[in-house]
Amino acid sequence: MRPILIIYFTVLWFTSPALAEGRIDRNSDESILIRMKNRAENAREGDWKILADCAEKLISRGIANDEILSWIEKSICVEENYYNLSLLGDYFHLKQDYSLAKQFYVKALLMAQKVNNPDAMRRLQWKILISMGTENYYNSVGTPSR
C-alpha cells in the first residue's frame, strides 16, 4: 500500500503544474475583458449602470478600446450623470487626450454639484487638476511615446 501512495503522490506532484497551466487566470486582463463583454452584452435594455460598471472595471486596469467607449456612450444616452461622464473623462485620459478628459471631468463636476455629492466633487476636482497638470507637462516636454 505504501509504494502505491508514494507513486500516486509523486505523479500528482509532477502533473499538477502541467494541468494548472491550462487554467484561465480569472484575474488576467483577457479573462476580465471577456467577462465584462458578456456582462455588457447581456445587460437589460436601458441599464446604464451595468455598462458604466463594465467600462470602469476595464479602465481601472488600463484597458481602453472602442468597445468600452461605446458602452460609456450608451450609458450616457440612457442617463447622463456624473459617474458615466467621469468614466468618459477617464477613458480619454487613458487615450492621452487630456484636454478632452478635462472637459468631461468639468461637466461631471457640475452634475455632482447639482446632486450635492461632496465625495464625487472632491474626486473630480483631483481628476481635473491631474489632467491639467499632465496636459501642461506634455505640452512643455513633448507628447509621450507609447
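Cys-54 is buried, with a relative accessibility of 0%; buried means under 20% relative accessible area, exposed over 50%, and partly exposed in between, with a 1.4 Å probe and protein chains only. This is a predicted model, in which local features need pLDDT of at least 70, side-chain atom pairs count only at pLDDT 80 or more, and totals for chains, interfaces and linings use all residues. Residues are numbered from 1 along each chain as its sequence is written, and side-chain values use heavy atoms, with hydrogens and water left out.

Cys-77, by contrast, is exposed at 70% relative accessible area. How many disulfides does the chain have? The count is zero, where a disulfide is a pair of cysteine sulfur atoms within 2.5 Å.

| Residue | Relative accessible area | State |
|---|---|---|
| Cys-54 | 0% | buried |
| Cys-77 | 70% | exposed |

Now to helix 2, which covers residues 29-41. Its 13 residues reach 18 Å from the first C-alpha to the last, close to the 18 Å expected at 1.5 Å a residue; that expected span is 1.5 Å times one less than the number of residues.

Which residues of helix 2 are buried? They are Ser-31, Ile-32, Met-36 and Ala-40. Viewed down the helix axis, these buried residues fall within an arc of 160°, so they line one face of helix 2; the arc is taken from the directions from the axis to the C-beta atoms. As background, an α-helix has 3.6 residues a turn, so residues three or four places apart point the same way. The face turned away from the buried side of helix 2 carries the exposed residues Glu-30 and Glu-41. Cover for the buried residues of helix 2 includes helix 3 (48-59) and helix 4 (66-78).

Finally, the whole chain. It has seven helices and zero strands, with helices being DSSP runs of H or I of at least four residues and strands runs of E of at least two, numbered from the N terminus. Buried residues make up 31% of the 146 residues. Of the contacts (heavy atoms within 4.5 Å) between residues at least 6 apart in sequence, 52% join residues at least 24 apart.
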